[in-house]
Amino acid sequence: MTNAEVARVFTRIAVMLEMQGQNPFRVRAYREGARVIESLAEPVAAMAAEEGRIEALRGIGKDLAAKIRDIVTTGTTELYDELQKTIPAEVVALTELQGLGPKRVKTLLDTLGIRNRDDLEAAAKAGRLRELPGFGEKVEQNVLKALAVASRGSGRMLLAAAWPVAETLVAHLKAVHGVKQVEAAGSLRRRKESVGDLDIVVTGGSSEAVMEAFVTHAYVADVLGRGETKSSVRLGNGLQVDVRHVPAGAFGAALLYFTGSKEHNIELRKIALEQGMSLNEYALTKGDTVVAARTEADIYAALGLAWVPPELREMVGEIEQARDGMLPRLIEPGDLVADLHMHTDRTDGHESIETMVRAVAERGYAYCAITDHSRAAGGGGFDEARVRQSVDEIAAVRRKFPKLEILHGLEVDILGDGALDMTDAGLQLLDWVLVSIHSRFDQPAADATRRVLAAIEHPAVRAMAHPTARLIGGRPGAQFDVERVFERAAALGVAMEINAQPDRLDLRDTHARLARAKGCRFVIDTDAHSIPQLDHMRFGVFVARRAGLTKADVLNTLPIARFREAIRAPGAAHGKAPAKAPARAKPAVKPKAAKAKAVKQTR
DNA sequence: GCCGTTTTCGGCCCGACTGTTTTCAGTCG
């Protein structure tokens, strides 16, 4: 049982209880429980095995804790089974459609016996929805639209994909006559790895002009709603965008409100109430008096809090830190002076070493590492002989770029049993060894844990690249015990990478936060396979910021000399020189003279 | 169902928009 699966049971219970018209606060408790479980860095199943551990979580009481234990051991809980007798799970799934909530879905089930999307589509097309209480022709049409949208995909978009869209729309709205401030809020501003929709806050100009400019933009495929202060559209790429037009004096309150997270905002409202004030999207008020509204910082200050960077507004302890003046000074993109993971056309990259290095130099970095693949990753990956050959290749490039330090690196595959896909002799020729998983992602957790622990134990290893190997929306990644791996990596001095590829972002934010708590140090790298990908670095920094990381946590913020001192020395934590283990059986394969063009990027 | 310098009961965030209504429920964020 993964955390996501346990959370889904709670979410479904919440929907079912709501359909039954139960106490809304009881409903909320299940939703809150689902959120808490989903945001955990550790498997909730493991936590549930320890007494009192899950009860200590805010929002999880005795009752929910017992249900979590039921679910992780048996896959379900009595209440869920009981509810499913009257409301099948497939009916619950209908509430995921835009415009259909628990009440309407309940009506559909009770009056027309609609149980799934097929039933719903047939009924809507036959014009039978419009007859129902609370429905009408418009709702019927919106249901058909929602079904069409749902059949197109998950609805969430990678941050890196939404980013340029947001930039374009913000610039478009800034150009409207009289407009003063435009800012993208929501999960994009919090730099979440994927965004469900886009929220843009605007001040100045006339509401009419702003909304007109917005809904007529070329990206807009469908106008979902248009009002004085709020309009919603769906873009051609499926992304929903909301624009809010607010008075200039309320910009801070609106930005705060629409940036979220919802849970962070709820906490701020509670704090306001405790102090006899009230917070909404227009202002922080005391009675009829506005206390603060113009900037976020004003509002936080009036609540006795330091301004919280949006990336931390996830109820991960930021409220307490803001109150105590203990918020971390988060790492900035400009703090990074090196990129230590990239590929060239010698394996699955698109550019020559020289071209890549020139692009790195143009980006102002002080040093970099060239890290092509080892053999197991395919795509012409390196064996020991190829590593020997590359010593001269690297030396030649170093002569051409004397101002840039170039580390001779390799991304070495961790084989299924934890052995490294390179001989010790080959490893000793390198000055930057990354290890990573590119195969057997579905190993049982115990095997995967042993595999990773064995790999990082090797004294040549400096860092673990994209540690879990997950792909956002595509692959869950290896299921090893992250806590144990982080503890051991911290002890060995093996850095954990935050990989900035937009669909990896691995470690993810919650894992990076846990790794930091365990004492790990980090590198943030692009894993670039082409020149444009070198510019993905910011997305890795965003993850680091969401994890609360500072400049001091990240090794590639250090000048090269200090970096060399800081990385794990050969044999570190072993109390001896690098093991002279017998070299692994050398593959009886000669370096390929010519390699097939246009190799597929190894994932 | 959770929670507690307002504690073991009585609260629990709140407004906009839509569509169906004719004063408001449902949904969303």
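**DNA surface and sheet**

Me: Which elements each supply at least two residues of the surface near DNA strand B, and which gives the most?
Reply: In this predicted model, the elements that each supply at least two residues of that surface are α2 (24–38), α4 (62–74), α7 (102–112), α9 (137–150), β4 (197–204), β5 (220–226) and α14 (262–274). With five residues, the one that gives the most is α14.

Me: How many residues surround DNA strand B, and how many residues of the surface are charged?
Reply: DNA strand B is surrounded by 41 residues, and the closest are Gly61, Gly101, Gly136, Gly225 and Gly227. By class, the surface near DNA strand B has 11 nonpolar and 14 polar residues, and the charged ones number 16.

Me: What is the strand order of the open sheet, and which are its edge strands?
Reply: The sheet has five strands with mixed pairing, in the order β2-β4-β7-β6-β5. Two of these strands pair on one side only, so the edge strands are β2 (179–184) and β5.

Me: Which residue in β7 is the bridge partner of Ser232?
Reply: Strands β6 (residues 230–235) and β7 (residues 240–245) run antiparallel and are joined by five bridges. In β7, the partner of Ser232 is Asp242.

Me: Which strands does helix α13 touch, and what angle does its direction make with that of β4?
Reply: Helix α12 (residues 207–215) packs on the sheet and touches β2, β4, β5, β6 and β7. Helix α13 (residues 251–259) also packs on the sheet, touching β2, β4 and β7. The angle between the directions of α13 and β4 is about 175°.

Methods. Residues numbered from 1 in each chain as written. Chains lettered and ligands numbered in written order. Predicted model: local features only at pLDDT ≥ 70, side-chain atom pairs only at ≥ 80, totals over all residues. Near = placed C-beta within 6 Å. Helix = DSSP H or I, 4+ residues; strand = E, 2+ residues; numbered from the N terminus. Nonpolar A, V, L, I, M, F, W, Y, C, P; charged D, E, K, R; others polar. Pairing = 2+ DSSP bridges. Contact = placed C-beta atoms within 7 Å. Axes fitted to C-alpha atoms, helices over the stretch in contact; angles between N-to-C directions.
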